[in-house]
Amino acid sequence: MKQLQQAILERGSVLSDDVLKVDQFLNHQIDTNLMINIGKEFVSRFQDSKITKVLTIESSGIAPSFMAASELDVPLVFARKKKSLTVTDNIYSSGVYSYTKQEMNNITVSKDYLSSGDNVLIIDDFLAQGNAALGLVDVVKQAGASVAGVGIVIEKSFQEGREKLEEKGYRVESLARIQSLKGSEVTFLEELVT
Ligand code: 5GP
């Protein structure tokens with residue numbers, strides 16, 4: 001997605017050979033026009049999938065997921081990272097190792113919001129080692145629901161997340177695929193598409 005690739009090049013910063021900072025438009029300040037177009041792009045890629053719900057993790061997954069769910073006219077559910085006082089039992093939960101915080105989070109989703117009839121599109125901001133996406137897949141499976149696919153805003157293709165998801169048979173659609181961050185330079189797997 002050209003607009004996203006340009007935002008990464010012009011407004012992102014490479015923190016190390018493995019980590020890209022995109023606080024300027026996705027992880028802190030949000031570029032709403034870009035999010036609207038990201039939502040549309042996800043929908044065009046999954047339009048034949050009969051999705052009934054979009055599932056993400058708080059907090060950075062919410063903005064792109066909201067736009068996709070709104071375009072699809074389905075509810076958006078976000079998994080919580082910290083246990084809520086108002087949701088005690090009646091939850092699906094899965095342990096997810098956080099790539100950026102380097103700690104374990106127990107993600108939870110109330111059983112009220114996912115059920116066996118759902119066909120779920122999982123969306124997240126980044127795909128690195130695949131732990132967040134696999135945790136969300138685990139929650140969908142606990143509900144007896146099906147995974148329509150995984151939509152990622154920024155995939156770091158040099159890490160193994162995509163491979164792990166595809167090995168398990170899940171379709172992965174990433175709007176920007178980064179081949180390398182070496183030397184503080186962003187290289188995409190695919191050329192800028194006009
Ligand atoms: P994974 O679980 O696939 O290893 O990592 C994905 C999660 O870690 C995403 O939800 C995202 O919040 C965070 N993450 C992984 N790599 C990066 C990165 O390079 N930059 C930012 N900003 N977040 C990342």
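In which loop does S59 lie? S59 belongs to the loop between β3 (53-57) and α4 (62-72), where helices (H or I, at least four residues) and strands (E, at least two) are DSSP runs numbered from the N terminus. The model is predicted: local features need pLDDT of at least 70, side-chain atom pairs count only at pLDDT 80 or more, and totals for chains, interfaces and linings use all residues. Residues are numbered from 1 along each chain as its sequence is written, and side-chain values use heavy atoms, with hydrogens and water left out.

**Backbone**

Select E58 and S59: the peptide bond from E58 to S59 is cis, with omega near -5 degrees. Next, select Q102 in the loop between β5 and β6. The phi of Q102 is near 50 degrees, a positive value in a residue other than glycine. Most residues other than glycine have a negative phi, and most peptide bonds are trans.

**Ligand**

Now select the ligand and the 16 residues around it, of which L20, D124, Q129, G130 and K156 come nearest; a residue counts as near if one of its heavy atoms lies within 4 Å. This shell divides into 7 nonpolar, 5 polar and 4 charged residues. Here Ala, Val, Leu, Ile, Met, Phe, Trp, Tyr, Cys and Pro count as nonpolar, Asp, Glu, Lys and Arg as charged, and the others, Gly among them, as polar.

Display the N and O atom pairs within 3.5 Å. A polar backbone atom of Q129 is 2.7 Å from an oxygen atom of the ligand, and a backbone N or O atom of N131 lies 3.1 Å from a ligand oxygen atom. At K156, a side-chain N or O atom is 2.8 Å from a nitrogen atom of the ligand. The protein buries 89% of the 510 Å² that the ligand exposes when taken alone (Shrake-Rupley method, 1.4 Å probe).

Colour β7 (119-127) and α5 (131-142), the elements that give two or more residues to the shell. β7 gives the most, with 4 residues.

**Pocket**

The space taken by the ligand is the largest pocket, the ligand having more than half of its atoms within 2 Å of the grid points. A pocket is an open set of points on a 1 Å grid over the protein atoms alone, where a 1.4 Å probe fits, with protein on both sides within 12 Å along at least five of seven lines; lining residues have an atom within 4 Å of a point.

Select S98, Y99, T100, D125 and F126, which lie nearest the centre among the 33 lining residues. The lining has 15 nonpolar, 10 polar and 8 charged residues.

Technical notes
A polar contact is a pair of N or O atoms within 3.5 Å; within protein, one must be able to donate a hydrogen and the other to accept it, and residues adjacent in sequence count only if both atoms are side-chain atoms.
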